[in-house]
Amino acid sequence: MSTTTTLGFPRIGVKRELKRALEAHWRGDSDAASLQATARDLRARHWALQRGAGADVVPCNDFSLYDHVLDAAFLFDAIPQRYRALADADPLAGYFAMARGHQRGGIDLHALEMTKWFDTNYHYLVPEIDAAQQFRLRGDKPVTEYLEAKALGFDARPVIIGPVSFLKLAKTTDGSDALALLDRLLPVYAELLAKLADAGASWVQLDEPVLVQDLDEATRAAVQRAYAALAEARRPKLLLATYFGALGDNLLLAASLPVDGLHVDLVRGLDQLDAVLKALPHDRVLSAGLVDGRNIWRSNLDNALVLARHARDRVGDDKLWLAPSCSLLHVPVDLDHEKSLDAELRSWLSFAKQKVGELRLLADALAGKPDAEVGLADARARIVSRKQSTRVHRPEVAARLTALTPNDARRGSAFPARRKAQQARFNLPLFPTTTIGSFPQTQDVREARAANKSGKLPDADYEAFLETETARCVRFQEDIGLDVPVHGEFERNDMVEYFGELLDGFAFTKNGWVQSYGSRCVKPPVIWGDVSRPAPMTVRWSKFAQSLTNKPMKGMLTGPVTILQWSFVRDDQERARTCRQIALALRDEVCDLEAAGIGIVQIDEPALREGLPLRRADWKHYLDWAVESFRISASGVRDDTQIHTHMCYSEFNDIIEAVAAMDADVISIETSRSRMELLDAFVKFRYPNEIGPGVYDIHSPRVPDKQEMLALLEKATAVLAPEQLWVNPDCGLKTRAWPETRAALTALVEAARELRAKVAAQVGSRRPAPV
């Protein structure tokens, strides 16, 4: 009978138990032993949940206190020198310092850089290595967690990021080639595999997602060398796991490696099955990714069963594993907790536990079990219900899309003319200061929102509370001298969820939490139908905040691509069509903000790079519709209305032309963790518009001082014209506390003023008109 398994499982717990345990530990309210006890409980609970849902084999070492790539870096001793003393004295403190930074006891450490895990909204910590790096095993986390599962009676398979993917995802700080370190790393992998074999593990999963990307010959050679070396090690059987797409021109390479099994993604790479079956040696296990590990719609099990039977007929029952397309890290834990969700919509959904159940049903159907047909009939009825629902499609939305013209994606004038009009309207100084939007969401704010939602706090009292918080935030910004304030977003729960709640075509869960990074969890909206805007969403609060100040208040919106990327998106039409629907809804909001007197509007697109296809041949199609969608949302306003956008934790070099094509008047980007390295792309491209390179890393609790920010700004002024530069944090301040926010923003304004004074003699105290 075919084996059912998963490649990984959500870590955070259905009620975000890991988040709460982490944050209690970071506050000093609980010790390391309490944190580890919570972690053990979650692992045991999740193994039991998977087995109860029908998994024959469960993954282990897929659990992480922060990030699995960081776990690998720590395990292999890829610890930059600045963290070593702390890591040696207190390994857990050193681990968290790499993740979050550390600023206490006279120690001041920046966190590692953070970026997106392929094309997902999960963030990983980027390992730092150099040509002198030596690897060794530091601890035994994979062995310990395997033995933990074994002691509880679970048939478990340790999961480890593969050596080539680990090096390809790392950053070399000296410009050297990371793959040149492969021969130093492989003996450490071999040592770990031997320890797992000694512990009794029969299989180990090595994740090599880079195999679905375009690879150069050096990387291909590294893959061959790595697995030839590991084949000689004393080891368990090896499952080589690939996901997030088809292997394509890397298929023959993957199939030729001396491993014992190969996992392939048959959701995103549906068309590769026949080629995989032809290339895979007959003695290998095929792990077939038949259920979508990245979205929450129920699988079409009739189609999946056709693929499973086709694969079984070629490889045999004993060589076929049924699995999700990738780790289930990217979906919520259990749909059973969604008691209040619309019943019809709920019947169309499948969370991690339910996806394991879908795999169990497929395995039972393959085995000819009589009860399987009942389950298949139910699954079939749910698919038909969704297809035939009259709620999904709206003729007026389709008509508006049809009426779009190229002019709807163009501003009235080119940037130089807009810049002149905006300078005349706002009269901002050199190096204008602003923030990215949100301010700290304190316990009081969260409790008031919860009380209002539960009916305990009347709407009028809640609005009065929000007005007080907004007024306090605006006064603070005026007091420290920020040039372009924001209203603080105290009414918003999340930068995507807030908008989804006010748009038609979206639905929301109660416990549909997904890990974004560390303790940061998001509850992605479900886009189930055509999207439209029934009423203004942000005008009331932006207009109120503007009434409190003479400075230009910046209106804050989340962009169409980011709303799309950070939602669970309907899979019954092209993503581009859904994105344009969102763009038209946002266009209405931007125009309403302008009509209400808001002259600066920021449309955040941090997910633009995230949505980039993993194969370069597919980039142009995606970037064309993504950029067009942003421009549709931004192009309905006058020249003197200034459009900002924001992007964080992205590499820009290879998409800089698309970023420029968005034609935002101002773009703010993350640059503090990279120490302004990400600015290089804008410099080499000669980016023509204005730019705010972030000088304050808000994902770390450490507070930079004025001199640190000034040094970063001076690096920026060395390569960009002063009249191009804005001064801002890397991202929104929602997750920070007020004391650190006050200190950091005060220092930020002081740094801008000092730099302004230094260059005033050359360029004048007012921003010069462009040449």
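Among contacts in the protein chain (heavy atoms within 4.5 Å) between residues at least 6 apart in sequence, 79% join residues at least 24 apart. The structure is a predicted model, in which local features need pLDDT of at least 70 and side-chain atom pairs count only at pLDDT 80 or more, while totals for chains, interfaces and linings use all residues. Residues are numbered from 1 along each chain as its sequence is written, and side-chain values use heavy atoms, with hydrogens and water left out.

The protein chain contains 28 helices and 24 strands; these are DSSP runs numbered from the N terminus, helices being H or I of at least four residues and strands E of at least two. With a radius of gyration of 26 Å, close to the 28 Å given by the globule rule for 771 residues, the protein chain is as compact as a globular protein of that length. The radius is taken over C-alpha atoms, and the rule is 2.2 Å times the number of residues to the power 0.38. Along the principal axes, the C-alpha atoms fill a box of roughly 75 × 60 × 50 Å.

Of the 771 residues, 63% count as buried, a term that denotes under 20% relative accessible area, with exposed over 50% and partly exposed in between (1.4 Å probe, protein chains only). The accessible surface of the protein chain comes to about 28,100 Å², and 51% of this belongs to carbon and sulfur atoms. Areas come from the Shrake-Rupley method with a 1.4 Å probe; for residues, only the protein chains shown count as cover. There are 98 positive and 105 negative side chains, and the centres of the two sets lie 1 Å apart. Lys and Arg count as positive and Asp and Glu as negative, whereas His and the chain ends are not counted. The place of a charge is taken as NZ of Lys, CZ of Arg, CG of Asp or CD of Glu.

Eight strands form an open sheet with parallel pairing, in the order β1-β14-β13-β12-β11-β10-β8-β2. Its edge strands, β1 (3-4) and β2 (58-60), each pair on one side only. Two strands are taken to pair if DSSP finds at least two bridges between them. Within this sheet, β10 (residues 203-207) is mostly covered, five of its five residues being buried. In a regular strand the side chains alternate between the two faces of the sheet. For β10 both faces are covered, with Trp-203, Gln-205 and Asp-207 buried on one side and Val-204 and Leu-206 buried on the other. Strand β8 (residues 156-161) runs parallel to β10 and is joined to it by three bridges; Ile-161 has Asp-207 of β10 as its bridge partner. Five bridges link β10 to β11 (residues 237-241), also in the parallel sense, and Gln-205 stands opposite Leu-239 in β11.

An open sheet of three strands has mixed pairing and the order β15-β18-β20. Here the edge strands are β15 (504-507) and β20 (568-569), each of which pairs on one side only. Strand β18 (residues 526-532) pairs with β20 in the parallel sense over two bridges, and Val-526 stands opposite Phe-568 in β20.

Helix α1 (residues 17-27) is largely enclosed by the rest of the structure, because eight of its 11 residues are buried. These are Glu-17, Leu-18, Lys-19, Ala-21, Leu-22, Ala-24, His-25 and Trp-26. The buried residues of α1 pack against α2 (32-53), α5 (91-100), β3 (102-104) and β17 (520-522). Just after α1, Gly-28 adopts a positive phi of about 90°.

Ser-542 lies in helix α21 (residues 539-546) and is buried, with a relative accessible area of 0%. Leaving aside neighbours within four places in sequence, the contacts of Asp-483 are with Leu-428, Pro-429, Phe-431, Pro-432, Thr-433, Lys-551, Pro-552 and Arg-756. The C-alpha atoms of Asp-483 and Phe-76 are separated by 47 Å, the two residues being 407 residues apart along the chain.
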